[in-house]
Amino acid sequence: MSAVLGVSVGAGTVRLARPQHGGPHGFVPPYSFELHTISMPEHQAEESAADTIAATLAAAPEVAATTVTFRSEPQARAIRAAMARRQLTNYQLVPEAVAAVHFAHATTDMREVSTLAVYDLGSSGLTVSVVNARTSDVYQCERISDISGDYLDSLIREQQIASGRIAHPADPVGLAELDALCRAAKEQLSSTNAVALPSEQGLVLLTQENFEALMMLAIESSARMTRDVIIRAQHPVQAIMVIGGGARIPLIARVLERTIGVPVIVPAEPETALARGAALLARPAQVQQAPASPAPAPMTESDDATPAWLTAPARRRRPLSALTSRNGNNRRELNAAVLTVSSLVVVAAIGLGLGYGPEVLERGNSSDGSQAVPESTAPRPTLAGPSSAAAPTTDAVHATVAAPPVTRQDSQPTTSTPPPQGPNTITVVPGLPPIIVPTIPPVVLPGFPPAGQ
C-alpha cells in the first residue's frame, strides 16, 4: 500500500505525520500516525521544511503523496519556492484550517456541526478561522501576534523573576534557557496542580491557581477576539476546535465555552493536529492507463457480408462552427430555390400574357388521361428496313401527318359576328376555362319603348 506524508510548517517547528497501516491486529485507525518534530530557527522555517521533506522522501521512496499546510499566502509562496529549488513537485498545499477540519472529521463526531471555528494558538501567534465543516470553505481567517505561546511563557518568566526566586539572566543564552524552563512548567500544569523546576538561576515554582490567574487576562482577550471573528464571518458556529501547543492549557477551553456558548473540542496531542490532518488529505495520484486495443480478428466469409453501416465508425459530433457553416449552406440553397420558383412564376405570367394560356390548358387538362397529338407535330423520320415496314400505324396518325395545316389568306379582313342570343352566353378568357354567363331577358317598363327602337 502506498504511504503518504503530512507536514505542518510552524514558526520554529516542522512536524511530519505518516499514517500507520499495520498493527498487531492487522489494522490501525485512520488517526494513528508516526510523528516527527523538528525544531529550527523561525526565519528558516520554509527552507528547513523543504530540506526535511526532501530527506524524508529520499529515505522513504514508498511515499507516494505529500501534503503541506500553510498559514497565509506569503508563506505558501515561500514554501513553493523552497520546494522548487529542491526540484520537489509531487506535493500539494492546503490551508491549515482545511487540514484541521479534516482531522476533526476523523477523530470527532461532526454530524451536528455545519460550521466550525478553529482556535490555533501557536508559539508565534493566534489564528482564528471559521470554516464550513462540510465543504471546507473558509469564511473568515484572522491572526494576531499579541497573544501567543511565547507571550504566555514570558508572563511566567516575569512572574518568577518578580517573585525573587529567579535571577534575571545576564545573556541571551541564559534567557532562552529560562524561557524553555517556563514553557516546560506551562505544559506540566496541564495535568498537574503544581510544578517545581530547578535551574541555574533558581527554582521555578508555580501552582495551577497562580498560573490561571496569570493567564486569565490574555485568554479572555483571545476569547473575545474569537467571538468577533465569528460575528464578522456571519456564520454561526456549532463547535470550536482548539489546536496548537497552547491548546494544552485547560483554562482556554473553559473560557471559550463560557464566552461563546458552544462545545469546545480539544484533540489529543493538539500541536500535531495539522500534520495529521494534512496526512489524511494526501492522496496518491491515480494514473489511469488506456486499455490496449485488441488485435484485429482475421476476416471470414461472414465478415464480407456485413453491411457497411454496421462496421462504419460512429459519427462524431460536429463542432459549433461546422453546424453554423452547414446552416449557412442550407440558407443559401433555400434562397436559390425561392429565386428559381419566382423566375418560373414570372415566365409563366409572361407566357399567359402573350396568349399561350389556352394552348397550355388545352394540353394539360386531359380528362381521360390520354395523350393528345398536337396538329403541328412534324412526321418522325423512319429508318429503311424491315423493322420500319412492320411498324404498326393508325389512320389518325397518317391523317395528321399527311394533312398540312390550313392557312387562310383572305384579301379582306372578316368581321366576327356575335353569337346569337340564347339562354346562356359562353365567355372565353385567355388562360382560363370557358365561363358560362346566363343571359337576362330585357325588362320592358310601362311607358318606355323597348331597347333598339
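Is Glu142 buried, partly exposed or exposed? Glu142 is partly exposed, with a relative accessible area of 22%; buried stands for under 20% relative accessible area, exposed for over 50%, and partly exposed for what lies in between, with a 1.4 Å probe and protein chains only.

1. Basis. The model is predicted: local features need pLDDT of at least 70, side-chain atom pairs count only at pLDDT 80 or more, and totals for chains, interfaces and linings use all residues. Residues are numbered from 1 along each chain as its sequence is written, and side-chain values use heavy atoms, with hydrogens and water left out.

2. Whole chain. The chain has 14 helices and 14 strands, taken as DSSP runs (helices H or I, at least four residues; strands E, at least two) and numbered from the N terminus. Of the 453 residues, 31% are buried. Among contacts (heavy atoms within 4.5 Å) with a separation of 6 or more, 63% are between residues 24 or more positions apart. The accessible surface is about 29700 Å², and carbon and sulfur atoms hold 58% of that area; the areas come from the Shrake-Rupley method with a 1.4 Å probe, and for residues only the protein chains shown count as cover.

3. Salt bridges. The chain has 15 salt bridges, each defined as a side-chain nitrogen of Lys or Arg within 4 Å of a carboxyl oxygen of Asp or Glu. One of them joins Arg232 to Glu142, with the closest N and O atoms 2.8 Å apart. This pair links distant parts of the chain, since Arg232 is in helix α6 and Glu142 in strand β8 (residues 138–144), 90 residues apart. Arg232 is itself partly exposed, at 44% relative accessible area.

4. The network at Glu47. Salt bridges link Glu47, Asp51, Arg85 and Arg86 in a network. Within it, Glu47 pairs with Arg85, the closest N and O atoms being 2.2 Å apart. Glu47 is in helix α1 (residues 45–59) and Arg85 in helix α2 (residues 73–85), so this pair links distant parts of the chain, 38 residues apart. Glu47 is partly exposed at 28% relative accessible area, whereas Arg85 is exposed at 54%. The side chain of Glu47 also meets that of Arg86 in a salt bridge of 2.8 Å, N to O. Arg86 lies in the loop between α2 and β5 (92–95) and Glu47 in helix α1, so the pair ties together parts 39 residues apart in sequence. Arg86 counts as partly exposed, at 24% relative accessibility.

5. Arg18. Arg18 belongs to strand β2 (residues 13–19) and is buried, with a relative accessible area of 19%. Beyond its neighbours within four places in sequence, Arg18 contacts Ala3, Val4, Leu5, Ser32, Phe33, Glu34, Ala60, Glu62 and Val63.

6. Leu35. Strand β3 (residues 33–39) holds Leu35, which is partly exposed at 29% relative accessibility. Leu35 and Thr272 are 237 residues apart along the chain, yet their C-alpha atoms are separated by 8.0 Å. With neighbours within four places set aside, the contacts of Leu35 are Leu16, Ala17, Glu269, Thr272 and Arg276.

7. Gln208. Gln208 is in helix α6 (residues 208–233) and counts as buried at 14% relative accessibility. Between Gln208 and Val195, 13 residues apart in sequence, the C-alpha to C-alpha distance is 8.5 Å.
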